[in-house]
Every structure is written in structure tokens, then in C-alpha cells.
Amino acid sequence: MKYTKQNFMMSVLGIIIYIADLIVDIWVSVRFFHEGQYVFSVLALSFMLFGTLVVQCFSYSWFKADLKKAGQESQHCFLLLHCLQGGIFTRYWFALKRGYHAAFTYDSNTSNFMEEQIDLHKEVIDRVTDLSMLRLFETYLEGCPQLILQLYVLLGHGQANFSQYAAIMVSCCAISWSTVDYQVALRKSLPDKKLLNGLCPKITYLFYKFFTLLSWMLSVVLLLFVNVKIALFMLLFLWLLGIIWAFKKNTQFCTSVSMEFLYRIVVGFILIFTFFNIKGQNTKCPMSCYYIVRVLGTLGILIVFWVCPLTIFNSDYFMPISITIVLTLLLGILFLIVYYGTFHPNRSEETKCDEIDGKPVIRECRMRYFLME
């Protein structure tokens, strides 16, 4: 388990994408406000605040857990930083500072340094994995709703300014990057898990997530044009089903009851957009059911959209959007089958459970107390 120079560069790229995503979101919100589109401005700002507030809650809980484990008292400066929405930047500072030391300046292989080296690399990998999990939460809580909003505005008005195109591109990059980065970081942080090595498995996993997400988001946007209330009801219903599923599976991600409840709410929200393995169990059947429902839901939305004539929607987009939805869904399912059939690290261990997308609680280390009040 070693933190390499390549891992360090990935961490640097991660914070660049995070900052770019934050700047573009603020830019789009201000642009909406200046154009008199106050509802869109408030929505864009609300999505951003919702995502970052939840992430700050988890981040501060983990800081408290780290200090408690080290026998130190909780410092008020960390609370202040998180109240000022600086928790992620604080974590990136510590991770990059220690990561640079581990990857570039701490490469002695003598026996006097081996044990200390292992501890340093493990510390950095754990910090980076924490960040990856937080970025994953932020991506689905804020990035996905933002992308749906931008697509809705773009398709509804037929014209868009540079800020909207930038927001769409940055959101796509953030979602794709955080999803793959988390899988890589999670497996690297757990010695009992096989690494996601090679470019092909990562690209295949990326395309599987990206295409299935894009297809579903476009479908949701079309349903919003048909009837906003029906679309919101459907999303809330799916969110509720996801929360019920998390409670039914009795997730044990957190040691705190309140944080575990928040975690299950977040899991329910993520399940609106993509499948998320929340328990160390075989997911072949649940995943199959999930994507069968996804296919049926997408086809249903397309049928409703074509049956109901819409005057507020640019008719030039009818055929291209429908073809895009179908093709991206088919490509996403195809990449899913290829990934789990060919590239999945545990594909040869049929008797073992699938890896948990949330961190397991069976290991006596930082991961076991990942969320702790």
C-alpha cells in the first residue's frame, strides 16, 4: 500500500476540478440572477448549499473522530472552518502536504524507515479516501441536480450562454471523475480488496456510470417538460424508496445514530441516479432489478413525452434527445455488463460478496470509525 506520484497528481487534479465546479456554479447562479431568472438562480444556489452543508457535516464528524482516536480534544478552529465551508479545502491541504512528502521526498527504503514509511503512506491514503468519499457525496447531492437544471434551461430556451455550457461540461467532468476516483481510492485503502488496475477497467467503469447517468438525467428533464409536479413526485418517491432500502439493509456506516440517519438519507438520494452497493452482499439481483426498473422508467417517460404534444419545448430537439437517451442507456448497460463480466477485480471470486460502496466496519483501523461523533 503505497501513495505514488501518480496518486498525488490525481489528488491535484481532483482539487482543480472541485474549485472549477464551485466557481462555475456560483457564476451560473449570478448569471441567472442578472438575467431576471430568479427561480433558476435560487435553485442553483440551493443545490450548491445543500451539497456542501451535508459534506461539511460528514467532514467535521470525521475530524472529531480523528482527534478522539488520537487522544486529543476537539479544536474549535476546525468547527469554524467547516462553518465557513472550508472543510474540504482544509482536508486537501493536509492530504496534499503529507502526500507530497510521501510521494516525492520520503522514498528511503532502509530498514530504519520502513515502518514509518508504511504509516505515512497509510495515513495519506486514508486522507485521500476520506476526500474521495466526500467528493462522491457532493457530486450526487449537488452536481446531478445542477446538471438536470442546466439541461432543462438549455433545452427549454433553445439558446444558452457560455456559462451554462461551462456548467454542463464541468458537472459532467466532476461526476465522472469523483465516481472513478472513489472506486480507485477505496480499493487502495483496503488491503483485503483487489486494486482496480489498468486503464481499461477504469474507462469501462467510467462509461458505465456516465452513460446510465446521462440517459436518466435527460429522461428526467423530458418529464419536467411534460409536468413539473409529476417529475418532482417521481423523484421524491424514488428518494423515499432509496431511504427505505437503506433502512431495510440496516447499514452500519456510522457509529452515531444521527450521522447514520443522515447517511441513509444521502444513500437514498444517490440511488435516484445510480446503483450504490451499501452492504457487503451480492448485488447481482438488486442491481438487475434496479436497471430493469430504470429501463422501464426511461421507456415510459419517452412514450409519455411523445404522446403529449408540448409547445414550450423546441421541436428540433425531439428526435436527437430521444435517440441520445436510448443510445446512452444501451451503451451504459453494455459497459456495465463488460465491466462486471470482464474487468471487475472480484469477478473470479464468485463465492465472495461484492465490495461495499460505503466503507466497511469490520476492519480495526480508521475505516471502521469512518463516521463518528
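Tutor: Buried means under 20% relative accessible area, exposed means over 50%, and partly exposed lies in between (1.4 Å probe, protein chains only). The model is predicted: local features need pLDDT of at least 70, side-chain atom pairs count only at pLDDT 80 or more, and totals for chains, interfaces and linings use all residues. Residues are numbered from 1 along each chain as its sequence is written, and side-chain values use heavy atoms, leaving out hydrogens and water.

Student: What does Gln 85 count as at 25% relative accessibility?
Tutor: Gln 85 sits in the loop between helix H3 (76-83) and H4; helices (H or I, at least four residues) are DSSP runs numbered from the N terminus. Its phi is positive, near 65°, though Gln 85 is not glycine. Because its relative accessibility is 25%, Gln 85 is partly exposed.

Student: How far apart are the end C-alpha atoms of helix H4?
Tutor: The expected span is 1.5 Å times one less than the number of residues. H4 (residues 87-105) has 19 residues, so it should span 27 Å; this agrees with its end-to-end C-alpha distance, 26 Å.

Student: Which residues of the largest nonpolar core touch the most other members?
Tutor: A nonpolar core joins buried Ala, Val, Leu, Ile, Met, Phe, Trp, Tyr and Cys residues through side-chain atoms within 4.5 Å. The largest such core has 70 residues, and those touching the most other members are Phe 58, Phe 137, Tyr 263 and Phe 273.

Student: Which residues make the nonpolar surface patch of about 510 Å²?
Tutor: Patch residues have over 30% relative accessible area and no salt bridge; nonpolar side chains (Val, Leu, Ile, Met, Phe, Trp, Tyr) are joined within 5 Å. A salt bridge puts a side-chain nitrogen of Lys or Arg within 4 Å of a carboxyl oxygen of Asp or Glu. One member, Leu 240, lies in helix H8 (residues 228-248). The patch is made by Phe 233, Phe 237, Leu 240, Leu 241 and Ile 244.

Student: Is Arg 294 buried or exposed?
Tutor: Arg 294 lies in helix H10 (residues 284-307). Contact means heavy atoms within 4.5 Å; beyond four places in sequence, Arg 294 contacts Thr 212, Trp 216, Ile 272, Phe 273, Thr 274 and Leu 329. Because its relative accessible area is 5%, Arg 294 is buried.

Key: Helices (H or I, at least four residues) and strands (E, at least two) are DSSP runs, numbered from the N terminus. Patches are made of residues with over 30% relative accessible area and no salt bridge: like charges are joined within 9 Å, nonpolar side chains (Val, Leu, Ile, Met, Phe, Trp, Tyr) within 5 Å. Accessible areas come from the Shrake-Rupley method with a 1.4 Å probe; for residues, only the protein chains shown count as cover.
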